[in-house]
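This report walks through a protein fold one part at a time, for a reader who is new to looking at structures. Please keep the sequence and the 3D view open while reading.

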Amino acid sequence: MSDRLAGKVAIITGGVAGIGLGIAECYVREGAKVVLTANHNVDGGKAAVAKFGDNVSLFVQQDVSQEADWQKVIDATIAKFGKLDILVNNAGIGPMMPVIEDVSLADWQKVIDVNLTANFLGEKAAINAMKQTNDAQGSIINVSSVAGLVGLPTAPAYSASKGGTRLLTHATALNLAQRKINIRVNSVHPGWIDTSIVPAAAKEQLIKTIPVGHMGQPKDIGEVCVYLGSDESSFANGAEFTVDGGQRA
């Protein structure tokens with residue numbers, strides 16, 4: 001541990017499995033206190049707190065698409081750790097929708113609610129909390145996807161939500177900077193990361209499309225998020241960080 005995040009408090013949505021847990025592991029290693037949220041994986045939340053210790057971690061069950069749940073998470077964070085420095089908007093869903101004309105409005109809207117609207121709600125809640133508890137300073141990291149840079153034909157709602165997150169990041173960063181508010185907002189765009197949501201049968205074929213010859217690990221995204229959450233990235237604002245093994249090169 002090099003204490004790059006010592007003294008900082010972070011909320012990581014979807015932080016109990018996959019990429020979110022990889023981010024949390026890197027954050028705790030670097031000295032941060034973390035508030036992890038998930039909607040359904042309560043057991044994963046309990047396991048993460050048991051692993052990290054309840055002195056440096058907290059789990060809160062949250063539906064990121066509900067504004068009231070955001071206030072619940074903010075209140076729990078401040079009650080436990082006293083302030084908020086970092087928000088990582090990581091929670092998301094990615095159902096396949098291979099035939100766009102068969103997609104129901106309800107299914108489309110669910111993806112937009114969880115992957116895009118929730119990021120706006122998170123930004124709003126975090127900015128207000130950082131104003132109240134941290135002298136209007138902090139870092140917001142929106143986890144988008146390479147599917148927010150180029151279209152993913154089998155998941156149009158997912159691509160739309162991740163592309164929207166990309167531009168929400170740009171717009172929010174400018175909105176805050178132009179008002180002289182020192183809260184930075186950046187996006188991270190993972191490629192294929194080796195998590196349970198990637199079908200085992202598809203991995204061999206996917207790896208053939210990755211120039212470096214292997215899938216990424218959750219830790220690969222975590223390390224980028226450490227940089228963006230730390231004071232090292234004070235001049236990084238409104239930027240996009242693609243982590244895809246060279247696929248978009």
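Predicted model: local features only at pLDDT ≥ 70, side-chain atom pairs only at ≥ 80, totals over all residues.

Seven strands form an open sheet in the order 3-2-1-4-5-6-7, and their pairing is parallel. Strand 3 and strand 7 (240-243) are the edge strands, each of which pairs on one side only. From one strand to the next, the twist averages 20°.

| Strand pair | Sense | Bridges |
|---|---|---|
| Strand 1 (residues 9-13) and strand 2 | parallel | five |
| Strand 2 and strand 3 (residues 57-61) | parallel | five |
| Strand 1 and strand 4 | parallel | three |
| Strand 4 (residues 86-89) and strand 5 (residues 137-143) | parallel | four |

V88 in turn has I141 as its bridge partner in strand 5, while the partner of N89 in strand 5 is N142. Towards the other end of the strand order, the bridge partner of V35 in strand 3 is L58.

Is strand 2 enclosed or open to the outside? Strand 2 (residues 33-38) has six residues, five of which are buried, so this strand is largely enclosed by the rest of the structure. To reach strand 2 from strand 1, the chain passes through helix 1 (residues 18-29), in a β-α-β crossover that is right-handed.

The link between strand 2 and strand 3 can be followed through their pairing, which is parallel over five bridges. Here the chain crosses by way of helix 2 (residues 42-52), and this β-α-β crossover is right-handed. The parallel pair of strand 1 and strand 4 has three bridges. From strand 4, the chain goes on through helix 4 to strand 5, again in a right-handed β-α-β crossover.

**Helices on the sheet and on each other**

Strand 4 and strand 5 are joined in parallel by four bridges. Helix 1 packs on the sheet, where it touches strand 1, strand 2, strand 4, strand 5 and strand 6 (182-190), and the direction of helix 1 makes about 170° with that of strand 1. Helix 5 (residues 156-178) lies across strand 5, strand 6 and strand 7, and runs at about 160° to strand 6.

Two packed helices are described by the angle between their axes and the distance between the axes. Helix 1 and helix 2 pack at about 20°, and their axes are 12 Å apart. Angles under 35 degrees count as roughly parallel, and therefore helix 1 is described as roughly parallel to helix 2. Their crossing is right-handed, and the residues that meet are L21, A24, E25 and V28 in helix 1 and A48, K51 and F52 in helix 2.

Helix 3 (residues 67-81) and helix 4 (residues 105-133) pack at an angle of about 35°, with 10 Å between their axes. This crossing is also right-handed. Helix 3 contributes E67, W70, I74 and I78 to the contact, and the residues from helix 4 include A118, L121, G122 and A125.

**Single residues**

In the loop between strand 5 and helix 5 lies S144, which is buried with a relative accessible area of 2%. Neighbours within four places in sequence aside, S144 is in contact with K162, T165, R166, V188, H189 and P190.

Where does K180 lie? K180 is found in the loop between helix 5 and strand 6, and K180 is exposed, with a relative accessible area of 75%. The phi of K180 is near 60°, a positive value in a residue other than glycine. D3, which is not a glycine, has a positive phi of about 60° as well. D3 belongs to the segment before strand 1 and, at 42% relative accessibility, counts as partly exposed.

Terms used: Residues numbered from 1 in each chain as written. Heavy atoms only, no water. Buried < 20%, exposed > 50% of the residue type's maximum accessible area, 1.4 Å probe, protein only. Helix = DSSP H or I, 4+ residues; strand = E, 2+ residues; numbered from the N terminus. Pairing = 2+ DSSP bridges. Right-handed = clockwise from strand over helix to strand, strands pointing away. Axes fitted to C-alpha atoms, helices over the stretch in contact; angles between N-to-C directions. Contact = heavy atoms within 4.5 Å. Parallel < 35°, antiparallel > 145°, perpendicular 65-115°, else oblique. Left-handed = near helix turned anticlockwise from the far one by under 90°.
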